[in-house]
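Here are a few exercises to work through with the structure open beside you. Try each task before you read its solution.

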Amino acid sequence: MKDDLEGVSDQMLADQLQAAADRVEDGEAARILRGKLIDEAGRRDWKQEDIAKLARVKQQSISKRLKKKQGREHDTSE
């Protein structure tokens with residue numbers, strides 16, 4: 001990769017760096033949205049296996065997230 005960038009102008013390097021930062025931000029926003037969608041699907045009593053398949057994650061991660069979410073909703077220690 002180093003050799004690919006040596007001939008790049010400063011402006012092109014700056015543009016590529018900004019584009020990479022934008023992709024990271026877009027990825028973070030997508031991750032947050034996916035979490036909200038998973039939470040809503042769980043609230044609607046969708047099967048964890050179905051949520052996992054649609055979200056392209058393991059069922060265990062859905063179970064863990066929904067249990068954690070449920071724990072926060074029932075937390076009265078504040």
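**Exercise 1.** Keep in mind that this is a predicted model. Sort the lining of the largest pocket by residue class, then find out which element gives the largest share of that lining.

*Solution.* Start with the classes: the lining has six charged, four nonpolar and two polar residues. Next, go through the residues themselves: Arg31, Ile32, Arg34, Gly35, Lys36, Ile38, Asp39, Val57, Ser61, Ile62, Lys64 and Arg65. Two elements, H2 and H4, each give two or more residues to this lining. H2 has the largest share, with seven residues. As for the space itself, the pocket's volume comes to about 230 Å³.

**Exercise 2.** Work out which residues of helix H3 are buried, and why they sit on the same side of H3.

*Solution.* First, find H3 at residues 48-55 and pick out its buried residues: Ile51, Ala52 and Ala55. Now look down the axis: these residues cover an arc of only 100°, which puts them on the same side of H3. Then ask what lies over the buried residues: the cover includes helix H2 (10-43) and helix H4 (59-73).

**Exercise 3.** Turn to the other face of H3: which exposed residues does it carry? Then check the phi of Arg56.

*Solution.* Facing away from the buried side of H3 you'll find Glu49, Lys53 and Leu54, which are exposed. Step just past the end of H3 and you reach Arg56, with a positive phi of about 60°.

Technical notes
Residues numbered from 1 in each chain as written. Predicted model: local features only at pLDDT ≥ 70, side-chain atom pairs only at ≥ 80, totals over all residues. Heavy atoms only, no water. Buried < 20%, exposed > 50% of the residue type's maximum accessible area, 1.4 Å probe, protein only. Helix = DSSP H or I, 4+ residues; strand = E, 2+ residues; numbered from the N terminus. Arc of directions from axis to C-beta. Contact = heavy atoms within 4.5 Å. 1 Å grid on protein atoms, 1.4 Å probe; cavity = no way out; pocket = protein on both sides within 12 Å on 5 of 7 lines; lining within 4 Å. Points joined across faces, edges and corners; volume = space filled by probe spheres on them. Nonpolar A, V, L, I, M, F, W, Y, C, P; charged D, E, K, R; others polar.
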